[in-house]
Amino acid sequence: MKPPLWDHQIAALKASAGRPATLLHMGLGTGKTRVACELLEQWKVRRVIVVSPLSVVPTWSEEMGKYAKRDWLLCPMHKMSTARKRKLVEQVVLESRASGRPLMLTINFESVWREPLASYLRKAGFDAVIVDEAHRIKSPRGVASRYLAKLGRNADFRLALTGTPMPSGPLDVFGLMRYLCPD
């Protein structure tokens, strides 16, 4: 049985309901991942890409295992080449379509924008993109920041999670807003 949501998590879910793009500014240990898992269920997402620091990639599968209502196909991608990741993504996308199971692909910032993976991800038909530790895409010229803005345009839902949206100043939100609201 899942533990109950905290009041601030319920408030975050209500504030995010019906929105195609959301920034959750929540501190360390406040349950951002749990809120994201609940939102994926509310949105009835079939395929989602989660982009996070490499050390956090396996955590997403653990959290979905605890909180998801549906039987997700979980694919944490770490400790392999970008070419191998591309082949794995192709396999799991096909498996998800054939089985009807929703797919969560979790990948790190350093790999998501590299070819041959990057162009395939943009064409693969993901319903949602989640950027965990989203302050990492603050740089307007950063390769990951520019790529995630493009990837987000192809998704129905975009979610950014961070405890520090402006670590250096107000201009830090540019990359976040380009990803969340490209217009």
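A: The largest nonpolar core comprises 33 residues, and L121 and L148 have the most contacts inside it; such a core is a set of buried Ala, Val, Leu, Ile, Met, Phe, Trp, Tyr and Cys residues joined through side-chain atoms within 4.5 Å. Buried here means under 20% relative accessible area, exposed over 50% and partly exposed in between, with a 1.4 Å probe and protein chains only. The model is predicted, so local features need pLDDT of at least 70 and side-chain atom pairs pLDDT 80 or more, whereas totals for chains, interfaces and linings use all residues. Residues are numbered from 1 along each chain as its sequence is written, and side-chain values use heavy atoms, leaving out hydrogens and water.

Leaving aside residues up to four places away in sequence, L148 touches V51, F109, V112, V131, I137 and Y179, a contact being heavy atoms within 4.5 Å. Apart from this core lies another, of 24 residues, including L24, M26, W43 and V56.

There are nine salt bridges, each a side-chain nitrogen of Lys or Arg within 4 Å of a carboxyl oxygen of Asp or Glu. One of them joins R136 to E110, with the closest N and O atoms 2.8 Å apart. This pair links distant parts of the chain, 26 residues apart, since R136 lies in the loop between β5 (128–132) and α7 (143–153), and E110 in helix α5 (residues 109–112). R136 is partly exposed at 39% relative accessible area, and E110 is likewise partly exposed at 34%. By contrast, R34 and E38, whose closest N and O atoms are 3.1 Å apart in their salt bridge, are both buried.

Notes
Helices (H or I, at least four residues) and strands (E, at least two) are DSSP runs, numbered from the N terminus.
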